[in-house]
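Look over the sequence and the model below.

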Amino acid sequence: MGGRTPTRLIGPPPFSRVWPALLIAALVFALTACAGEPEDEAHGGACTDGERALRVGFYAHFAPVSSSAGAEPGDADFDTHLGYEADLLSALEAMEGAGLSFERRAIGAWTDIWLLAASPEYDLVGGGITMLESRRYDGSGAEAIVFTSGHIAFRQSLLVRAEDRDRFPDHDALTSGDRVGALRNTTGEARLLRLTGLTDAEGVLAAGVQVETPRGEIVADGTDAYVITAAGASPALEGRQRLQPPSGDMPQAIYLGDLSGEAELLDALAEGTVDAVARGEIGNREAAHASGAAFVVTALDPAVEWGGFSLALSDAELARCIDAKIDYLTDERRIGYAQWQGNPDVFMRRAERWNQGR
């Protein structure tokens, strides 16, 4: 449709060309790993001296990937970590010789959560964070953090009422009469805007987009003065409540609450206040299941995103060591969310296999 450009796959860069001898060595290593005989040296050895626990901040409101057992800060079990990433971290702790242990603390606010790894309070931060180059830099533009290699794959999607399944098969079907709920400063928002032409590849709002904010209405002029990406937005667009499209082949974007209030968006979908919710496939499928078939997932984004943990730039070596252990636990990304969902003990079983091979 007019004003829309082809999507670009998001994911890790392609592997470099290697010599045949190295390919043979890699194959031998893979066979050794599959045999359950991990070598400490090959997997990075001990990541720490084991004398201190790494301080982990985890996002509290992204079930089933990462969530808190408590509903609110101050609850006795608010710092109890649940979900896919919780089990992955527990398996890392169980790997003998890795030298990893964690003190976990829940974080209730999403904005710039990945940058907290560069603060004095945390050594590692997680919670379903999509690894984006733009998220590695702080507000001054200085490189602040590094990401571990991706351990969970995400795709964006639309959650719609069951009766609207055929009405919204993909993002191209959305029009100016359709209201799509989104969460500010997320990949769900960024991909919705990109796929529907409301922004370009750099996140610049299309000329004529009307932005409702608490301070009044702004009309984008097509310049980089008005930008929305998954890493943040132009100051003038903070607290945005609605985007009105400049043409009939783009939808409205509606913002209700913040990321900790995703239930507000689901309620709005059920009540008809919005026609769709733009969010990751995992969260949307969980919501569809919980709805008893009242909601369905459509418009799967062809792009693949990878989620990882963030660490301070000064801890790049620690990140590489943790990477090696995560690569073993995920069997080089062969084990992911679907396998964990079928067997939540899958990472702990891999850790036991590691210990048996020592």
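This is a predicted model: local features need pLDDT of at least 70, side-chain atom pairs count only at pLDDT 80 or more; totals for chains, interfaces and linings use all residues.

Residues are numbered from 1 along each chain as its sequence is written, and side-chain values use heavy atoms, with hydrogens and water left out.

**Cavity.** The structure holds one cavity of 30 Å³ or more. A cavity is a set of points, on a 1 Å grid over the protein atoms alone, where a 1.4 Å probe fits but cannot get out; lining residues have an atom within 4 Å of a point. The lining counts 20 residues, with F62, Q156, T186, T187 and G280 nearest the centre. At least two lining residues come from each of β6 (124-130), α3 (187-195), β17 (276-280) and α5 (281-290). Helices (H or I, at least four residues) and strands (E, at least two) are DSSP runs.

**Two buried residues.** Buried means under 20% relative accessible area (1.4 Å probe, protein chains only).

| Residue | Relative accessibility |
|---|---|
| R136 | 17%, buried |
| W114 | 1%, buried |

R136 is in the loop between β6 and β7 (145-147). Beyond four places in sequence, R136 touches A142, E143, A144, I145, V146, F147 and L313; contact means heavy atoms within 4.5 Å.

W114 sits in the loop between β5 (102-107) and β6. With residues up to four places away left out, W114 has contacts including V125, I129, R135 and S310. W114 and M131 lie 17 residues apart in sequence and 9.3 Å apart in space, C-alpha to C-alpha.

Terms used: On a 1 Å grid over the protein atoms alone, a cavity is a set of points where a 1.4 Å probe fits but cannot get out, and a pocket is an open set with protein on both sides within 12 Å along at least five of seven lines; lining residues have an atom within 4 Å of a point. Grid points are joined across faces, edges and corners, and a volume is the space filled by probe spheres set on the points. Buried means under 20% relative accessible area, exposed over 50%, partly exposed in between (1.4 Å probe, protein chains only).
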